[in-house]
Amino acid sequence: MKPSLSADAVRVVLDRPNGRYLPGEAIEVVATIDAEAAPLVAAAEVSLLWYTAGKGDEDLHVHAMQRVRGPLTAETRRLTLESPLPMSPHSYAGHVVKVCWCVRVRLFDGRRRQTVVETPLVVGVTSKPAGAA
């Protein structure tokens with residue numbers, strides 16, 4: 001059996017440990033792929049996005065993204081994404097709909113399989129990340 005990628009192969013670090021940002025502020029994200037998993041990665045991407053969850057149609061918008069093709073080297077297995085945050089939408093955790101911001105890392109293994117890791121964050125003033133339990 002061939003080895004496969006897992007979520008444990010990815011480490012995401014936000015420039016703010018509490019994951020809280022105001023609209024218009026800059027964010028810096030560093031996603032590191034484990035050295036042992038790097039040879040298995042055909043492509044990797046890190047993106048900053050928001051999506052809605054709840055009743056009705058779900059929306060998803062990628063605000064910023066960086067993608068690298070494998071095989072990953074010591075330099076390319078560390079992906080950095082820097083971007084100013086937009087003025088809207090703000091994170092929102094309503095009863096009917098939620099607006100969730102996150103950093104999403106996707107690893108593609110070249111066999112049409114992908115591993116996805118999401119790290120929630122808050123944009124605007126709210127009590128907790130909209131994706132958090």
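Residues are taken as buried when their relative accessible area is under 20%, as exposed when it is over 50%, and as partly exposed in between, with a 1.4 Å probe and only protein chains considered. By this criterion, 41% of the 133 residues of the chain count as buried. The structure is a predicted model, in which local features need pLDDT of at least 70 and side-chain atom pairs count only at pLDDT 80 or more, whereas totals for chains, interfaces and linings use all residues. Residues are numbered from 1 along each chain as its sequence is written, and side-chain values use heavy atoms, with hydrogens and water left out.

The chain contains 0 helices and 9 strands, where helices (H or I, at least four residues) and strands (E, at least two) are DSSP runs numbered from the N terminus. For the 133 residues, a compact globule would have a radius of gyration near 14 Å, and the 15 Å of the chain agrees with this; the radius is taken over C-alpha atoms, and the globule rule is 2.2 Å times the number of residues to the power 0.38. Along the principal axes, the C-alpha atoms fill a box of roughly 45 × 30 × 20 Å. Of the contacts between residues at least 6 apart in sequence, 62% join residues at least 24 apart, a contact being defined by heavy atoms within 4.5 Å.

An open sheet of 3 strands has the order E1-E3-E6 with antiparallel pairing, two strands being paired if DSSP finds at least two bridges between them. Strand E1 (10–14) and strand E6 (78–84) stand at the edges with a single partner strand each, so one side of each is left without a neighbour in the sheet. Strand E3 (residues 26–33) is joined to the antiparallel E6 by 7 bridges, and within these strands valine 29 stands opposite leucine 81 in E6.

The largest nonpolar core has 31 residues, and those with the most contacts inside it include Ile27, Val29, Ile33 and Val103. Such a core is a set of buried Ala, Val, Leu, Ile, Met, Phe, Trp, Tyr and Cys residues joined through side-chain atoms within 4.5 Å. At least two residues of this core are supplied by each of E1, E3, strand E4 (43–54), strand E5 (60–69), E6, strand E8 (97–108) and strand E9 (114–123), and the largest share, 5 residues, comes from E8. Leaving aside neighbours within four places in sequence, isoleucine 33 is in contact with Ala9, Ala38, Val41, Ala44, Leu72, Arg77, Leu79 and Leu107.
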